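This note is meant for a colleague who is opening the entry below for the first time. Please keep the sequence and the three-dimensional view at hand while reading the points that follow.

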Amino acid sequence: MKNFNLTHRIVMAPMARMRSYGNVPQPHVALYYSQRTTPGGLLISEATGVSETAMAYQNMPGIWRKEQIQAWKPIVDAVHSHGGVFFCQLWHAGRVSHRDCQPNGEAPVSSTDKPFVEDPSNEFTPPRRLRTDEIPTIVNDFRLAARNAIEAGFDGVELHGAHGYLLDQFMKDSVNDRTDRYGGSLENRCRFALQVIEAVSNEIGPDRVGIRLSPFANYMESGDSDPKRLGLYMANSLNRFEILYCHMVEPRMKTASEIFECTESLTPMRKAFNGAFIVAGGYTREDGNKAVAEERTDLVAYGRLFLANPDLPRRFELDAPLNKYDRPSFYSSDHVVGYTDYPFLDTTDQ
Ligand SMILES: Cc1cc2nc3c(=O)[nH]c(=O)nc-3n(C[C@H](O)[C@H](O)[C@H](O)COP(=O)(O)O)c2cc1C
């Protein structure tokens, strides 16, 4: 696989687990990731905030403070000691946030000042539209966070450009209503994400950079009127920077957890992009194998199955039964239950 020194194609998808109290990753996080590590296997961390204004939910980790960098070090070391390759997912929530999670109780920032249409429990504070001259500051926050991730020992970073968060809020025409050079045309809407890619690639080297995109998704009221064109434009533009990988969420994942029948596919983007391609969203052992066999992807990322099966690659190898995931504990703050207590396969009788 291009530029990627991996021993298998099963990737751990990024998953927020909300167990990093005070935005600082904790010792139990090391156990969780190391349980899921295989020699030469790729793991992508949970979404990790690039700055104070990037934050949304409670107990998400960050990587902008010294203390956070120090706290990540033993976690990354634990993964490395088991032979894993570990990328940090860098994240800015944008308008998917509340003033209680923001510095000085201010409104979250976004590409827009449009609030959510549907927000019955007032989960989100109406955002403040970033001024054009503020955008370089956010690009710089990503650059510094990438540098911090490398200092913490990560092998690279994945920019979170999916699921309705800040980068996606700029790319999608249902959210971006700007009239400056960051809004309007497709080229303008993608400018911010590509500037982040460029800054981060210059900082740590493009061979340590990936991006996650979900052009077809509509999460957090962030949809696009022409997702195929958006996906293709991004895949082609990323080639300029020669980044390591492009990670795309399947069109069938229109919402975060349900799979929809659909005729759209990621194949045009896979063909357009020159680096390694990762797909995610509703994959099983069988259709993951099929996607690889048909050369529709290089790697397959598994979310919920990996969450519930720390030894997922081993189970796939043996075609062994899988543990079922427990949805209520996905985002609970317990540092053991539903986190590090999923059983490993008992292989004593095999
Ligand atoms: C508990 C949980 C947390 C998630 N957090 C993130 C995240 O931090 N970043 C991200 O890009 N996707 C996140 N996702 C989406 C997953 O990476 C993945 O795309 C999704 O679960 C679909 O894949 P699956 O069917 O293999 O689970 C999360 C999913 C779950 C279940």
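1. Helices, as named in this note, are DSSP runs of at least four residues, numbered from the N terminus. By that scheme, Asp319 belongs to the segment after α10, a helix that covers residues 312-318. The model is a predicted one.

2. Asp319 deserves a look for its backbone: its phi is positive, about 50°, although the residue is not a glycine. With a relative accessibility of 48%, Asp319 counts as partly exposed, because that class lies between the limits of 20% and 50%.

3. Glu242 also has a positive phi, here of about 55°, and is likewise not a glycine. The residue is located in the loop between α6 and β8. Is Glu242 buried or exposed? Its relative accessibility is 63%, so it counts as exposed.

4. Helix α6 spans residues 227-239, and Asn239 lies in it. Asn239 is buried, because its relative accessible area of 18% falls under the 20% limit. A polar atom of the Asn239 side chain is placed 2.8 Å from the backbone oxygen of Ala272.

5. Ser265 sits in the loop that runs between β8 (245-249) and α7 (267-272). Its relative accessibility of 32% makes Ser265 partly exposed. Along the chain, Ser265 and Arg252 are 13 residues apart, and their C-alpha atoms are separated by 8.6 Å.

6. Turning to the ligand, which residues come nearest to it? There are 17 residues around the ligand, of which Pro14, Ala16, Arg212, Gly282 and Arg304 come nearest. By class, this shell is made up of nine nonpolar, six polar and two charged residues.

7. A polar side-chain atom of Arg304 is 2.7 Å from an oxygen atom of the ligand. In the side chain of Gln89, an N or O atom lies 2.8 Å from a nitrogen atom of the ligand. Ala47 takes part through its backbone, with an N or O atom 3.2 Å from a ligand oxygen atom.

8. How much of the ligand's exposed area does the protein bury? Taken alone, the ligand exposes 600 Å², and 91% of that is buried by the protein. The space that the ligand takes is the largest pocket.

Notes: Residues are numbered from 1 along each chain as its sequence is written. This is a predicted model: local features need pLDDT of at least 70, side-chain atom pairs count only at pLDDT 80 or more; totals for chains, interfaces and linings use all residues. Side-chain values use heavy atoms; hydrogens and water are left out. A residue is near a molecule or strand if one of its heavy atoms lies within 4 Å of it. A polar contact is a pair of N or O atoms within 3.5 Å; within protein, one must be able to donate a hydrogen and the other to accept it, and residues adjacent in sequence count only if both atoms are side-chain atoms. Accessible areas come from the Shrake-Rupley method with a 1.4 Å probe; for residues, only the protein chains shown count as cover. On a 1 Å grid over the protein atoms alone, a cavity is a set of points where a 1.4 Å probe fits but cannot get out, and a pocket is an open set with protein on both sides within 12 Å along at least five of seven lines; lining residues have an atom within 4 Å of a point. A molecule sits in a cavity or pocket if more than half of its atoms lie within 2 Å of its grid points. Ala, Val, Leu, Ile, Met, Phe, Trp, Tyr, Cys and Pro count as nonpolar, Asp, Glu, Lys and Arg as charged, and the others, Gly among them, as polar. Helices (H or I, at least four residues) and strands (E, at least two) are DSSP runs, numbered from the N terminus. Buried means under 20% relative accessible area, exposed over 50%, partly exposed in between (1.4 Å probe, protein chains only).
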